[in-house]
Amino acid sequence: MPTCARAAQILAQRQIFTPRAIELVEQSEQAGDLSHDQADEFVAEVLETFRWHNEATVDAPTYQRLHDAHRLIADVVCFKGPHINHLTPRTLDIDAVQREMPRRGIAAKDVVEGPPTRQHPILLRQTSFKALVEPIHFVGDDEAGTHTARFGEIEQRGVALTAQGRQLYDRLLAGVREIGGTGNAGQDYGQWLQAAFRDFPDTLDGLRRQGLAFFRYAVRDEAAFAQAAAAGQGWDVERLIEQGAVEASPIVYEDFLPVSAAGIFQSNLGGTEQKSYAANAARAAFEQALGAPVLDEIALYARTEAESLRALQSRFARAV
């Protein structure tokens, strides 16, 4: 039987929810509600779905066959349910985390994914500690095997970039990853990355004035703002910023970078090193699998910035 068909057969036989969880869902649908105790019980039962189970649902040869196809296939197919693969705490200094993990005996990813160290971070930087080697038991086998799937990811988020800023980022990153055809595996990758991004402004004022990043505008000094409006100067946000009446705060990037996420999973779960990069990588394929279009992240950040400017301008007009 082909590997894909065998995987589908195994999944078709699996029920990821406990019988009691299903009973409580049916009861809620019929009665329209659950009691407080039943709700607590429901949460506990559903947590069983996402808990790590060290018992595989297949024998060792089947696991190995799926593992050889790809470790993610084995991880998805061979266990009782969709256990939580990783958690992602956020840090303000990912370089400090990267240095500290080996000192504490934690096997860290070789490089931090994303842009280099900067005074003013942009987009998203990610690292992780390697997936744990965990003992598991196979069907019909008294001897324990091992599986690697659960790992820890750490991220540091910076300012969201405009379309122009993202194009510059993509171009600089792609140029570095193509050096020697090694992706981020080159011995001098960190130095190459740092050198390439010297062409990317590293001041908030530079990012804003050159239209490379998104900002949220708000009143900084109420008295100065009111005075400027009363003086009849007319609406000029740049002048208001220079006068200290208005401030522009970076809008934090809250999305993913496909190549960075791929690098995290590749280092933990295997796969081919991805050397190419594009802002909309595999978007069409993702939307097809999802069955729905995804929102344009840049449009959302642009709307947030525009709304803050409109609100500020409206307030300025009322104060005249």
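These are my notebook entries on what I looked up in a predicted model of a protein chain.

**Ground rules.** Residues are numbered from 1 along each chain as its sequence is written, and side-chain values use heavy atoms, with hydrogens and water left out. Because the model is predicted, local features need pLDDT of at least 70 and side-chain atom pairs count only at pLDDT 80 or more, while totals for chains, interfaces and linings use all residues.

**Overall.** I found 14 helices and 7 strands in the protein chain. Helices (H or I, at least four residues) and strands (E, at least two) are DSSP runs, numbered from the N terminus. The chain has 320 residues, of which 37% count as buried. Here buried means under 20% relative accessible area, exposed over 50%, and partly exposed in between (1.4 Å probe, protein chains only). I then looked at contacts, meaning heavy atoms within 4.5 Å. Among those between residues at least 6 apart in sequence, 71% join residues at least 24 apart.

**Helix α10.** I looked up which residues of α10 are buried, and they are Ala224, Phe225, Ala228 and Ala229. Seen down the axis of α10, these fall within an arc of 135 degrees, so they line one face of the helix. The arc is taken from the directions from the helix axis to the C-beta atoms. Exposed Ala223, Gln227 and Ala230 sit on the face of α10 turned away from its buried side. The cover over the buried residues includes β6 (215-219), α11 (237-242), β7 (246-250) and α14.

**α10 against α14.** Helix α10 (residues 222-230) packs on helix α14 (residues 297-319) at an angle of about 65 degrees, and their axes are 8 Å apart. Axes are lines fitted to C-alpha atoms, for helices over the stretch in contact, and angles run from 0 to 180 degrees between N-to-C directions. From α10 the contact uses Glu222, Phe225, Ala228, Ala229 and Ala230, and from α14 it uses Leu312, Arg315, Phe316 and Ala319. I sorted these contact residues into 7 nonpolar, no polar and 2 charged.

**Helix α6.** In α6 (94-103), I noted Ile94, Asp95, Gln98 and Met101 as buried. Down the axis of α6 the buried residues fall within an arc of 125 degrees, so they too line one face of the helix. Their cover includes β2 and β5 (151-157).

**Leucine 123.** I looked up leucine 123, which lies in the loop between α6 and β2. Its phi is positive, about 55 degrees, although the residue is not a glycine. Leucine 123 counts as buried, at 0% relative accessibility.

**Lysine 130.** Lysine 130 is in the loop between β2 (124-129) and β3. I found it partly exposed, with a relative accessible area of 30%. From lysine 130 to threonine 148 is 8.9 Å, C-alpha to C-alpha, and the two are 18 residues apart in sequence.

**Aromatic pairs.** My search of the whole structure gave 8 aromatic pairs. Rings of Phe, Tyr and Trp (its six-membered ring) pair if their centres lie within 6.5 Å; planes under 30 degrees apart count as stacked, over 60 as edge-to-face and the rest as tilted. The rings of tyrosine 63 and phenylalanine 138 have centres 5.1 Å apart and planes at 50 degrees, so this pair is tilted. Tyrosine 63 is in helix α4 (residues 60-69) and phenylalanine 138 is in the loop between β3 (133-137) and β4 (144-148), 75 residues apart. Both tyrosine 63 and phenylalanine 138 are buried. Elsewhere, ring pairs link Tyr169, Phe197 and Phe200 into a cluster.

Notes. Ala, Val, Leu, Ile, Met, Phe, Trp, Tyr, Cys and Pro count as nonpolar, Asp, Glu, Lys and Arg as charged, and the others, Gly among them, as polar.
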